[in-house]
Structures are given as C-alpha cells and as structure tokens.
Amino acid sequence: MIVPEIFYGVKCNRCGEMFESGDYAYYSDESSVFDEALEYDWIEQNGKHYCPNCYDQDEETDEFKIYPEIPISMPTENSISIWKKSFS
C-alpha cells in the first residue's frame with residue numbers, strides 16, 4: 001500500500017534557497033523544520049523566512065536588516081529566440 005505523507009521545508013523568501021541541514025531538507029512538522037533552520041542562522045521576520053545570505057544583523061541594536069528584494073528579470077528578445085531554437 002502506498003501512503004501519502006506531507007513534509008515541510010523552509011524556503012528563503014528573498015533568494016529562494018531551500019534550507020538543508022546536511023541530513024534532511026524536509027521534516028514531518030512545521031515547527032521541527034523551523035527550529036532546525038534557526039540553528040543554522042535562518043530567521044523569520046513578518047511571517048517571511050530568510051537564509052543567512054539574505055540579511056545582516058546590526059551589532060548595536062541586534063536588529064535584522066533584510067537585503068533588498070532580488071528583482072525578477074524579464075526575458076529579452078534574444079533569450080526568447082535562443083530558447084525557441086533549443087526546442088525546434
């Protein structure tokens with residue numbers, strides 16, 4: 001019998017990196033995965049999660065400074081034509 005199971009992971013809201021502890025990337029409950037991510041310097045701010053590469057901590061105030069959002073690049077005419085060629 002195949003039994004479906006739900007697993008939880010943490011993904012950085014800024015860069016999209018998935019948290020991995022080395023052994024596991026997904027856990028059976030939300031609190032376990034975030035508790036583990038905290039051990040690896042991930043943070044939660046305003047309901048969003050950030051990896052250590054996407055924030056800095058002010059030494060004087062201990063306040064977290066999230067880096068600016070990464071812009072989503074729009075495809076150019078050239079990148080579209082290259083993509084079309086690769087599928088023709």
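**Close-ups of a predicted model**

**View 1. Lysine 65 and its salt-bridge partner.** At 40% relative accessibility, lysine 65 counts as partly exposed. This is a predicted model, and in it the side chain of lysine 65 meets that of glutamate 63 in a salt bridge, 3.7 Å from N to O. Glutamate 63 is partly exposed too, at 44% relative accessible area. Search the whole structure and you'll find one salt bridge. As a rule, side chains of opposite charge can pair when their charged atoms come close.

**View 2. Arginine 14, buried without a salt bridge.** Arginine 14 is buried, yet has no salt bridge. What is the nearest side chain of opposite charge? That's glutamate 69, sitting 6.2 Å away, while the cut-off for a salt bridge is 4 Å. What arginine 14 does have is the backbone oxygen of tyrosine 67, which lies 3.4 Å from a polar atom of the arginine side chain. Neighbours within four places in sequence aside, the contacts of arginine 14 are Tyr50, Asn53, Cys54, Tyr67, Pro68 and Ile70.

**View 3. The buried side of helix α1.** Look along residues 30-39 and you'll see Val33, Phe34 and Ala37 tucked away as buried residues of α1. Why do they share a side of the helix? They span an arc of only 95 degrees around the axis, so they end up on the same side of α1. The cover over the buried residues of α1 includes strands β1 (43-45) and β2 (48-50). Just past the end of α1, aspartate 41 takes a positive phi of about 70 degrees.

**View 4. Phenylalanine 19 in the largest nonpolar core.** This core holds 13 residues, and Val10, Cys12, Phe19, Ala37 and Trp42 have the most contacts inside it. Helix α1 supplies the largest share of the core, three residues. Zoom in on phenylalanine 19 and, not counting residues up to four places away in sequence, you'll find it touching Val10, Ala25, Tyr27, Val33, Glu36, Ala37, Tyr40 and Trp42.

View 5. Serine 21 is another residue from the segment before α1. Is serine 21 buried or exposed? With a relative accessible area of 15%, serine 21 is buried. The serine 21 side chain makes a polar contact with the side chain of tyrosine 27, at 3.2 Å. Setting aside neighbours within four places in sequence, serine 21 is in contact with Tyr27, Glu36 and Tyr40.

How values were computed:
Residues numbered from 1 in each chain as written. Predicted model: local features only at pLDDT ≥ 70, side-chain atom pairs only at ≥ 80, totals over all residues. Heavy atoms only, no water. Buried < 20%, exposed > 50% of the residue type's maximum accessible area, 1.4 Å probe, protein only. Helix = DSSP H or I, 4+ residues; strand = E, 2+ residues; numbered from the N terminus. Arc of directions from axis to C-beta. Contact = heavy atoms within 4.5 Å. Lys, Arg positive; Asp, Glu negative; His and termini not counted. Polar contact = N/O pair within 3.5 Å; in protein donor to acceptor, adjacent residues only side chain to side chain. Core = buried A, V, L, I, M, F, W, Y, C linked by side-chain atoms within 4.5 Å.
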